[in-house]
Amino acid sequence: MPKTKPKMTKNILERELLDHLQKKYKIEGSIYLGGGWIKPVVDMLEKLEKLPWFEHIELDQIKEKFGSLRVYWSKLPDSPDLSEAQSRAIFSLIEEAEKITDKTCYFCGKPGTRNTIKYFVCVRCEACTLSQQ
Ligand SMILES: [Zn+2]
C-alpha cells in the first residue's frame, strides 16, 4: 500500500474555507478542522444561524480534541439571557454535529471510526488509517 501524502493545494483550500467561516460566523477564537469535518460543521453552522437567538451568542472556538468535535460558545455580554429551551436548541444542534463527526473520517469525510495511531486519537476511514501507519 503506497503512502499518500496530503496534497498541499487541498490544505490551502481547506484553510481558506475555514478562514471564510471564521469571518462569516464571527468566530472569536480559532476554527481548526480536518477537511472531512468541514461539511458537517458547515451544516451545523447553517442550522444555528437560523435560530432567531443566534445573534445573541458568540462562537468562541471550533476544533477537534481527542478525536471529538468541540464547539465552544457563549452568550454575548449585552444580550438578554437565553431561555432553557433556546440553550437546549443550540446544544442539540452541536450534539447532532458531534454524532456525525464521531462516524466521519476527519481527513476525507468518508465513514470512519475513532481509533488511536501513534498516541493520536482520531476518527478515520480505512484508507486514511492505512496511509498513516
Ligand atoms: Zn479518510
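This tour walks through a sheet, a hairpin and a nonpolar core.

The model is predicted: local features need pLDDT of at least 70, side-chain atom pairs count only at pLDDT 80 or more, and totals for chains, interfaces and linings use all residues. Residues are numbered from 1 along each chain as its sequence is written.

Stop 1: Strands (E, at least two residues) and helices (H or I, at least four) are DSSP runs, numbered from the N terminus. Strands pair if DSSP finds at least two bridges between them.

**Stop 2: strand 2, residues 57–65.** Eight bridges tie strand 2 to strand 3 (68–75), antiparallel. Two bridges tie strand 1 to strand 2, parallel. Now pick I62. Its bridge partner in strand 3 is V71, and I31 stands opposite I62.

**Stop 3: the hairpin.** Go to F66. Two residues lie between strand 2 and strand 3 here, and F66 takes a positive phi near 50°.

**Stop 4: the core.** Select V41, M44, I62 and Y106. Of the 20 residues in the largest nonpolar core, these touch the most other members. Such a core is a set of buried Ala, Val, Leu, Ile, Met, Phe, Trp, Tyr and Cys residues joined through C-beta atoms within 7 Å. Buried means 20 or more other C-beta atoms within 10 Å of the residue's own, with C-beta atoms placed from the backbone. Helix 2 gives the most to this core, with five residues.

Technical notes: A residue is buried if 20 or more other C-beta atoms lie within 10 Å of its own, exposed if 12 or fewer, and partly exposed in between; C-beta atoms are placed from the backbone.
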